[in-house]
Amino acid sequence: MSASANLPSPAPQAKPLQATPGGSEGDRDLALRRYAPILGYLQYENTVYWTRFHVFLLANSAFLALIANGLPFSTAVVWARLYTLMVAASAGLILSFLWWRVMIAARGWIDRWHAILQELEPLAFVHIQIWRGYDVAEGRFPIKRITQATVGLFVAMWMLVIIYLVVVMVAKESGLVIL
């Protein structure tokens, strides 16, 4: 017996759909059956997107409030406190960059599911346009851009905290007294 006789036969390939409104009723049925789980994936990705966004928003907000509460208003502060605040502010900046990367990756999955739904839609719904005519890059729904701007705002705030701490450290090292 040959070694190839023990190999399983390849899985049958999915039937390609005729992506025209005049497709057969069987093609339309198949497109609808394919459409439903893809829509479920999109719903899941959107839910996870917003959950992640809110978790990072809460973490960054709480962390920034904690750090801002500890910022010195003069150079009469111990070095250990300045170093601790600098490390914490750097951690906040890193957290914001991670947030940015997570949002970009999640948006990629959402865009993927949109593209697949757009491909299945002509046969599944013929003349009804749900996703067709919606160009993700065009940004007719700019809420995802607003989330990116929110992350950018936190990056900017963390950078300002770090710059402020550097200014205080340089002033303290130079012997300047700021009250």
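Me: What share of the 179 residues in the protein is buried?
Reply: Buried residues come to 34% of the 179. Keep in mind that this is a predicted model.

Me: Got it. And how many helices and strands are there?
Reply: The protein has three helices and zero strands. Read from the N terminus, the order of elements is α-α-α.

Me: Let's talk packing. At what angle do α2 and α3 pack, and how far apart are their axes?
Reply: Helix α2 covers residues 79-125 and helix α3 covers residues 143-174. They pack at about 165 degrees, and their axes are 9 Å apart.

Me: Is that roughly parallel or roughly antiparallel?
Reply: Roughly antiparallel, because angles over 145 degrees are put in that group. That is therefore how α2 and α3 run relative to each other.

Me: Which hand does the crossing have, left or right?
Reply: The crossing of α2 past α3 is left-handed.

Me: What classes of residue make up the contact of α2 with α3?
Reply: There are 25 nonpolar residues in that contact, along with six polar and five charged ones.

Me: Switching to rings. How many aromatic pairs turn up in the whole structure?
Reply: The search finds nine aromatic pairs. One of them joins tryptophan 50 and phenylalanine 53, with ring centres 5.6 Å apart and planes at 75 degrees, so this pair is edge-to-face.

Me: Where do tryptophan 50 and phenylalanine 53 lie?
Reply: Both belong to helix α1, residues 25-70. They are three residues apart, which is about one turn of the helix.

Me: What about tryptophan 99 and phenylalanine 154, what kind of pair do they form?
Reply: Their pair is tilted, with 55 degrees between the planes and 5.6 Å from centre to centre. This pair links distant parts of the chain, since tryptophan 99 sits in helix α2 and phenylalanine 154 in helix α3, 55 residues apart.

Me: And are tryptophan 99 and phenylalanine 154 buried or exposed?
Reply: Tryptophan 99 is buried, with 0% relative accessibility. Phenylalanine 154 also counts as buried, at 7%.

Me: Which residues do ring pairs link into a cluster?
Reply: The cluster consists of Tyr49, Trp50, Phe53, Phe56, Trp99 and Phe154.

Me: Nice. Where does arginine 112 lie?
Reply: Arginine 112 lies over the face of tryptophan 113, 5.0 Å from the ring centre.

Me: Last topic: leucine 123. Which helix is it in?
Reply: Leucine 123 is in helix α2.

Me: How far is proline 122 from alanine 31?
Reply: Between their C-alpha atoms the distance is 9.0 Å, and in sequence proline 122 and alanine 31 are 91 residues apart.

Methods:
Residues numbered from 1 in each chain as written. Predicted model: local features only at pLDDT ≥ 70, side-chain atom pairs only at ≥ 80, totals over all residues. Heavy atoms only, no water. Axes fitted to C-alpha atoms, helices over the stretch in contact; angles between N-to-C directions. Helix = DSSP H or I, 4+ residues; strand = E, 2+ residues; numbered from the N terminus. Parallel < 35°, antiparallel > 145°, perpendicular 65-115°, else oblique. Left-handed = near helix turned anticlockwise from the far one by under 90°. Nonpolar A, V, L, I, M, F, W, Y, C, P; charged D, E, K, R; others polar. Phe/Tyr/Trp six-rings, centres within 6.5 Å; stacked < 30°, edge-to-face > 60°. Buried < 20%, exposed > 50% of the residue type's maximum accessible area, 1.4 Å probe, protein only. Lys NZ or Arg CZ within 6 Å of the ring centre and 35° of its normal.
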